[in-house]
Structure formats: C-alpha cells, structure tokens
Amino acid sequence: MGVVIIDGSTVRAFVTDDQQFTKSVDERFAALDLNNDGVLSRSELRKAFESLRLLESHFGVDVATPPDELTQLYNSIFERFDCDGSGTVDLQEFRSEMKNILLAIADGLGSCPIQMVLEDNDQSFLKKAADLEAAKHDPNHAQAS
C-alpha cells in the first residue's frame, strides 16, 4: 500500500502522453471485453462500473439506490460511451470517453493536490498517472505497467 499525491496537472500529463494513455486504456478495454469480440456490450461496461462501486456508495458508505434507478444511471453511462449509437462500445469510443472523463477529473482537481492511498497492485488510471509523474522526477522509479 502506498500514498500518492496528485493534482490536475498529473492527470493531464498522463492523458497527453499518447503512448502511456493509449497503452493503459487499451489494456483496460481488453480486460473488460470478456467475450473478446472487440467491442464492449452494455453488460460488460456495466460490470466494469459496478466493480468500481461509484454509484452504490458515497465516500465508502453503502447507499441504497433502487435497482431501476441504478439501471437508468448505467444506461446513461453506456449511451455516453456509445457515441455512434451502435449498441456497443468500440475501442475508439472507449478511448475518447475515458480521455474526456480523465480531463474532467484534471479540471476538477485543478492545482489543488489530493492524497490517495492505493494498493500496490492498483491498476487505476490515477495510479498510472501518479507513476508516470514519479518516473519523470525519479528516473529510477519503476513505472507500473
């Protein structure tokens, strides 16, 4: 377990590093594409967001959200990713929306640093952003893959 400090510039630097960003997003897409058909279905994307528990908890405390409301929320997230309305999310759509999400996080953070406690095996985009930033300041820092 480790503690990292990031701000908007850390996240923005990760997103603008095309090689690192594309590699990380492509790896995440492949992990989410459970049936390996090259696109994400509604259920595959929902499973990914359910695993993050963003909608079912508030600051780590479980929140009782009615199932139909959760379905509506997950459907709206899917529609946001499915830019062409094809009923699936391809790699380009996934990359584009993840970039938008991370840039929104960067804008939200601005220059205000936040401290995050992360597991050593954490594969989140924010952890990858912190690793990239650390590698720039310490060439001996082993960057997470």
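User: What makes aspartate 26 count as partly exposed?

Analyst: Keep in mind that this is a predicted model, so the values are computed from its atoms. Aspartate 26 has a relative accessibility of 24%. Buried means under 20% and exposed means over 50%, so at 24% aspartate 26 falls in between and is called partly exposed.

User: How do you know that arginine 95 forms a salt bridge with aspartate 26?

Analyst: Look at the closest N and O atoms of the pair: they are 2.8 Å apart. The cut-off for a salt bridge is within 4 Å, so arginine 95 and aspartate 26 pass.

User: And what does that pair tie together?

Analyst: Arginine 95 sits in helix H5 (residues 91-109), while aspartate 26 sits in helix H2, so the pair ties together parts that are 69 residues apart in sequence.

User: How many salt bridges turn up in the whole structure?

Analyst: A search finds five. One of them is between the side chains of glutamate 27 and lysine 23, at 2.9 Å from N to O. Both of these residues lie in helix H2 (residues 18-32), four residues apart, which is about one turn of the helix.

User: Are glutamate 27 and lysine 23 buried, partly exposed or exposed?

Analyst: Glutamate 27 has 37% relative accessibility, and lysine 23 has a relative accessible area of 37%. The middle class runs between the 20% and 50% cut-offs, so glutamate 27 is partly exposed and lysine 23 is partly exposed too.

User: Is lysine 128 buried or exposed?

Analyst: Its relative accessible area is 7%. Since buried means under 20%, lysine 128 is buried.

User: What makes serine 24 buried, and what is it in contact with?

Analyst: Serine 24 lies in helix H2. At 5% relative accessibility it is under the 20% cut-off, so it counts as buried. Leaving aside neighbours within four places in sequence, serine 24 is in contact with Phe14, Phe125 and Lys128. To be called a contact, heavy atoms have to be within 4.5 Å.

User: Where is leucine 132, and is it buried or exposed?

Analyst: Leucine 132 lies in helix H6. Its relative accessible area is 6%, under 20%, so it is buried. Leucine 132 and glutamine 20 are 112 residues apart in sequence, yet their C-alpha atoms are 8.3 Å apart in space.

User: Which class does asparagine 36 fall into?

Analyst: Asparagine 36 has 64% relative accessibility, which is over 50%, so it counts as exposed. You'll find asparagine 36 in the loop between H2 and strand S2 (39-40). Asparagine 36 also has a positive phi of about 55°, although it is not a glycine.

User: Last one: how much of the chain is buried?

Analyst: Of its 145 residues, 34% count as buried. The chain has six helices and six strands. Among contacts between residues at least 6 apart in sequence, 65% join residues at least 24 apart.

Methods. Residues are numbered from 1 along each chain as its sequence is written. This is a predicted model: local features need pLDDT of at least 70, side-chain atom pairs count only at pLDDT 80 or more; totals for chains, interfaces and linings use all residues. Side-chain values use heavy atoms; hydrogens and water are left out. Helices (H or I, at least four residues) and strands (E, at least two) are DSSP runs, numbered from the N terminus. Buried means under 20% relative accessible area, exposed over 50%, partly exposed in between (1.4 Å probe, protein chains only).
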